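Please read the following report alongside the sequence and the three-dimensional view.

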Amino acid sequence: MGPVAADVASFVGTASAAHFSVSSGTVTYSGPDEWSFRRHILHCAALAKAAGGVESVLVGTEMRGLSRAHAGGGSYPFANQLRLLASDVRALVGSDVKISYAADWSEYGAHQVSDTELRFPLDTVWASPEIDYIGIDNYLPLSDLRDNGDPDGGFSGYDLANLRGGIKGGEYYDWYYASSADRATGTRTAITDGAYNKAWVYRTKDIWSFWQNLHYERVGGVEDAAPTGWVPQSKPVRFTELGFPAIDRSANQPNVFVDPKSSESAFPYFSRGFRDDVSQRRALEASLSWWSNSHPEFDAGDNPVSQVYGGPMVDPDGIYLWTWDARPFPAFPMFSKVWADGGNWRLGHWLSGRLGGISIQGLCKAVLADYGIPEEDVKVFGLAGGLDGYTLSGPVSARDVLEPVLTAFSGQASDRGTHIELSTVLPEAVTSLDADGLADPGAEDSLLSRTRAQASELSAEVRFGADDPVSDFRRRVSASRRLEGGSRMVETQILPACSMPEPLSIAADRRLHRIWSERERLSFAVGPDRIDLEPGDVIALSGTPAATFDPPLTVRVTSIEDTGIRRIEAVRITAELSPAAGGPDAPGGGYQNSDLSPPYVVFLDLPKLTAGDPDDAVRLAAYAKPWPGGLTVMRSASEAGFAAIMSIAAPASIGTLAAPLAPGPIWMFDRANALEVTLLDGQLQSRTEADVLAGANAMAVRCQSGGWEILQFATAELIAPKTYRLSTLLRGQRGTETDMRSGAALGADVVLLAEDRTPLVPISSDQSGLSLNYRIVPEGRALGDPAAVAVSHASTQRAARPLAPVHLKARRTGTGIVLTWIRQTRDSGLSWEQAEVPLGEAFESYAIDILTDQGAVLRTLTSDSPTVLYPNAEELADFGGTLGEIHFAVAQLSQRTGRGYERKAVRHV
């Protein structure tokens with residue numbers, strides 16, 4: 001037995017159907033003591049039998065690395081094991097249950113072992129009498145869209161006709177990209193087969209030819225005389241998975257997913273990374289409409305009928321969409337403290353929480369149908385965006401319903417003469433116009449008039465509001481603001497709709513971009529021969545007789561007046577905005593009843609964590625279970641007159657030390673000590689050392705000095721419920737080594753530092769150092785509510801104190817001992833590119849203490865540079881002779897806080 005066969009045999013194991021029995025809903029196993037693949041699959045089959053039967057059982061899914069493990073000579077041991085396993089599964093589940101294997105889309109067909117060897121590894125499975133259908137997890141691409149359109153000239157990722165064209169065409173059918181560079185430039189290579197003119201053997205997407213033809217393997221570039229065991233058209237195809245992520249340009253690469261915790265996390269090719277539910281919906285609509293006649297506007301695509309079993313190639317009732325989640329929406333994904341993968345829903349393949357909504361295009365069609373407006377009078381296509389719901393209050397016109405929606409989601413209504421067209425505003429030109437195409441408008445008008453609106457006339461901020469379906473339908477407003485320019489105008493639109501905030505935020509970004517990009521208006525005329533031009537058309541204007549535009553001006557026609565010549569009003573447009581990827585919608589809390597518990601609150605007097613932190617920085621961490629959805633922080637200098645100063649949107653990861661923490665080394669990984677912490681809730685995760693050096697896994701630990709040590713960890717090991725052992729530590733970060741030296745006791749507070757979970761408390765310089773009274777109150781509750789917490793805190797001004805200097809040195813000269821050091825900075829000092837870190841203080845000044853060997857201060861020197869001379873005469877006066885070693889301490893001075901943190905050293909001189 002070769003190494004491949006031996007490894008497969010070890011993995012698969014020897015459990016058989018005879019080792020399982022099912023009685024009264026209980027599964028019993030009596031086979032060998034092995035946790036093997038066969039035992040796992042057969043146990044699942046026994047569970048299906050115990051449950052009363054299922055429609056279908058899979059013997060595996062997407063095990064491409066194993067199914068293509070070639071032992072030589074055309075032998076694929078794992079594929080053979082799948083065939084045998086299917087027989088044992090059949091013995092358990094009976095003849096009424098369908099059995100198959102769910103192959104990855106790149107796995108089900110031919111395997112090109114080398115330039116001259118071609119095999120069909122899974123044909124032994126597909127040909128097995130125990131296998132009822134070919135299972136394919138279909139994540140094949142349907143588009144090739146990028147910022148300047150696709151190489152075929154398409155621009156819209158929502159065009160169903162284009163997307164349907166990618167089902168039996170495009171990448172992996174007609175062509176492929178030979179390299180990443182070719183993909184970037186759109187350089188495509190045709191898929192061909194020079195040997196036997198059977199290009200389909202290399203076409204991953206060509207399910208048709210795979211299904212309809214005999215399969216001949218090739219060795220040495222020559223086809224075998226006999227085909228494999230596959231009988232053409234003998235079994236249907238099921239898509240055991242079909243899905244697209246809810247991200248921009250998802251159809252470019254549906255098989256990838258976004259998960260920051262995974263090394264395989266990726267955006268689809270050319271995706272700009274923002275959430276796009278409509279992109280997901282359109283791609284699914286294109287796929288499902290191809291394989292069945294269920295779509296009202298499109299006929300089914302090519303789905304041939306088998307001459308063997310009399311049914312279609314792809315069973316439309318055997319398409320399983322990925323992914324539905326048994327966890328109820330919106331509990332998942334919003335309860336992120338319960339389910340750690342909740343953040344992945346936002347850009348993931350999940351359909352729960354999405355398909356119940358409606359696209360803007362679907363909304364427009366539904367409204368027009370409700371108002372009895374014929375489809376031939378108003379045509380709708382290509383609209384982006386979606387809502388979770390829309391309400392109509394009272395008798396209103398169809399225009400009053402649709403106009404705010406089109407405004408918010410970059411739509412336009414164009415009069416095409418015979419009908420009204422509702423469509424998205426796209427930047428591509430549909431026709432061109434040069435200087436010869438312009439008509440003379442008459443003596444009173446110029447050939448081309450261009451008017452640019454003043455910045456003060458344009459909105460600097462756009463706000464869209466709607467009821468949030470995951471926050472008890474509270475009204476939430478999403479905004480996009482332009483930071484430059486002098487305008488103070490705000491465009492606000494409250495939609496009678498339901499929507500989570502992020503889609504509205506993207507819509508606001510696009511609306512603001514459109515307002516400013518269309519600030520230039522143009523007037524010109526063309527001859528009556530240009531009857532083809534209509535409102536809504538986009539024109540590339542290359543110039544006038546007096547000027548050439550390079551590149552051409554891209555303008556959208558807004559109106560046309562026919563008066564012998566055609567007078568055109570237009571606006572200049574630019575490329576579509578790429579919205580910021582943004583962040584997830586605010587996390588939800590647990591179920592709120594009347595018995596909220598008081599939150600656990602920790603004030604953190606820390607050094608500056610980011611360059612933007614103020615000198616009076618104090619951070620606040622809070623945790624409550626159940627989380628009330630948010631906490632309001634109120635403050636007063638007395639016991640009355642509390643005013644709200646901030647809110648806390650999400651709970652922090654807070655815990656306590658499960659064992660004392662000893663001091664450790666600084667400026668290197670501490671691989672000797674480990675930190676044991678017990679969290680109130682939440683999870684910790686390991687990160688690479690490179691990630692840690694970049695700032696990941698930072699934690700504050702309350703020290704016995706009363707201050708905080710900031711440390712980082714690379715390895716997190718769960719050793720008990722909610723208890724972790726953290727190792728590979730970076731100690732005393734951000735200048736906290738002084739507090740680190742005091743150690744931390746059992747039960748000391750620990751807080752995982754995260755910008756959104758440990759927000760800054762707004763404190764002015766005149767409040768810093770004062771003891772102030774705080775009330776932390778669940779949102780919507782009264783100040784005296786039992787769940788409110790009263791606490792007082794006085795800032796220690798830790799962020800304003802200079803950090804201890806480093807690299808203390810001493811050398812004897814003829815005039816005395818020269819002491820030198822290098823200062824640290826408490827602000828903006830992390831870049832390796834800086835020749836010298838910023839001073840961070842109003843002036844540079846240091847205090848240098850000359851110490852006895854017991855640490856008593858004999859003399860204090862001062863200096864305005866990182867060096868000082870300890871003269872021979874003063875040494876003689878202090879010690880009565882010449883020192884062999886000197887004990888000294890150095891601290892940087894601050895105009896505000898005085899003496900900063902000091903560092904002591906003993907140096908031989």
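A residue is called buried when its relative accessible area is under 20%, exposed when that area is over 50%, and partly exposed in between, with a 1.4 Å probe and protein chains only. This is a predicted model, in which local features need pLDDT of at least 70 and side-chain atom pairs count only at pLDDT 80 or more, while totals for chains, interfaces and linings use all residues. Residues are numbered from 1 along each chain as its sequence is written, and side-chain values use heavy atoms, with hydrogens and water left out.

**Aromatic pairs**

Rings of Phe, Tyr and Trp (for Trp, the six-membered ring) pair if their centres lie within 6.5 Å, and planes under 30 degrees apart count as stacked, over 60 as edge-to-face and the rest as tilted.

| Pair | Centre to centre | Angle between planes | Class |
|---|---|---|---|
| Phe-37 and Phe-78 | 5.7 Å | 50° | tilted |
| Trp-208 and Trp-291 | 5.6 Å | 25° | stacked |

Helices (H or I, at least four residues) and strands (E, at least two) are DSSP runs, numbered from the N terminus. Phe-37 in helix α2 (residues 37-50) and Phe-78 in helix α4 (residues 77-93) are 41 residues apart, so that their pair links distant parts of the chain. Phe-37 is buried at a relative accessible area of 9%, and Phe-78 is buried at 1%. Trp-208 belongs to helix α8 (residues 207-212) and Trp-291 to helix α9 (residues 277-291), 83 residues apart. Trp-208 counts as buried at 2% relative accessibility, and Trp-291 is buried at 4%.

Two strands pair if DSSP finds at least two bridges between them. Three strands, in the order β42-β43-β46 and with antiparallel pairing, form an open sheet, whose edge strands, β42 (806-812) and β46 (867-871), each pair on one side only. Five bridges join β42 to β43 (residues 816-822), and Lys-809 has Thr-820 in β43 as its bridge partner.

**Confidence**

The predictor's confidence in each residue, pLDDT, runs from 0 to 100. The chain has a mean pLDDT of 90, and 97% of its residues reach 70 or more. Over residues 587-592, however, the pLDDT is below 50, although this stretch has 15 contacts in the model beyond near neighbours in sequence, a contact meaning heavy atoms within 4.5 Å. Where pLDDT is low, the predicted coordinates should not be read in detail.
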